[in-house]
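Have the sequence and the model open as you read.

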Amino acid sequence: EFEKKFAKFHKIKYAIATSNCTTSLHLALLSLDIGKGDEVICPNLTFISPANMIALTGAKLILVDVQNDNFCICLKDLEKKITKKTKAIMIVHPFGYPVDINKIKKVIQNKKIKIIEDVAESIGAKVGDKLCGTIGDVSCFSFFANKIITTGEGGMILTNKKKIYEKIKILRDHGMTKEKRYYHQTLGFNYRMTAMQAAIGVVQLNKLNDILKKKKLIKNNYIEYLKAKTYEIFPKTKNVSSVEWFVTITFKKQNLRNKFIKYMQSKKIECRPMIFPVSFAKHFRDVFDKKNFVNSYHISLNSVHLPSSLNLNSKDIKLIANSINEWEKNIKL
């Protein structure tokens, strides 16, 4: 039921529920026959899962810097990184902000390059009139506890291609064929979602539009109450239909982020630092030169996620904003 309703919501033919988004990404890559000798492009500023799963297939991970204005994959850097060995591009829609995949499609037209959409943080966001997750060859979603809708843990894969769908169904369930029980025709995995999680997912999906409205209200309340001078509020949503998974601020000057977090902790308000770039991870650090990812490191080291829970009301956000405004008023630059 969850798979059918999720597919219907996105107007996509096939949906496959999984144990989490990381396993979804792994299955998506394998469904496109990606492996040793292939190159897969991925943004450098993303949670580590897409990069890890690319490496797990045996393919070569190619990292691309992101744009300062919207944290999305940088088109100019992407064009430079495409080679004859490029098999796929992992498009991550970051923090509720949609990547303009149509521009990327123009870059790769007439090339046999597949697009995998990572929509873990951006369910409901749109590129033009199309929902994120409906434009690439295959797309992956997350229902982790902190995501826009949740099943505690869980993921989903969408595709319009029957061949991909059928391959993923087999790989997800131990490589076992549907026709002959306990006959395993390939190396497979136990990447299934439980029925209990799916039941929660059905209810959550029914609440999605209301959740997105509440998220938008939280963002608008922050914009109303904050008097931003030393930082910018992300994302800048002009001309796109984003969803406000997190409310993120990026400081214009360096060495303010950690001071800000410490101050907010003194006010008993938790603000979380931005993730590190993929290239910062110990197992990737020696492969990639930090100098090639100026935007990724600037954003990572100077950005903070503000409290964005659905439990927050206008009074709560005003209280948080007042503490931020007080900090900004007293900070010595």
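Which backbone oxygen does the side chain of threonine 151 reach? That of glutamate 153, at 2.4 Å, a polar contact (a pair of N or O atoms within 3.5 Å; within protein, one must be able to donate a hydrogen and the other to accept it, and residues adjacent in sequence count only if both atoms are side-chain atoms). Please note that this is a predicted model, where local features need pLDDT of at least 70 and side-chain atom pairs count only at pLDDT 80 or more, while totals for chains, interfaces and linings use all residues. Residues are numbered from 1 along each chain as its sequence is written, and side-chain values use heavy atoms, leaving out hydrogens and water.

**Around threonine 151**
- Threonine 151 sits in the loop between β8 (138-142) and β9 (155-159); strands are DSSP runs (E, at least two residues), as are helices (H or I, at least four), numbered from the N terminus.
- Threonine 151 counts as buried because its relative accessibility is 6%, where buried means under 20% relative accessible area, exposed over 50% and partly exposed in between (1.4 Å probe, protein chains only).

**The sheet**
- Seen in order, β1-β9-β8-β5-β4-β2-β3 form an open sheet of 7 strands with mixed pairing; two strands pair if DSSP finds at least two bridges between them.
- β1 (14-18) and β3 are at the edges with a single partner strand each, so one side of each lacks a neighbour in the sheet.

**Strand β3 and its partner**
- In β3 (residues 60-64), 4 of the 5 residues are buried.
- β2 (residues 39-43) pairs with β3 in the parallel sense over 5 bridges, and valine 40 stands opposite leucine 61.
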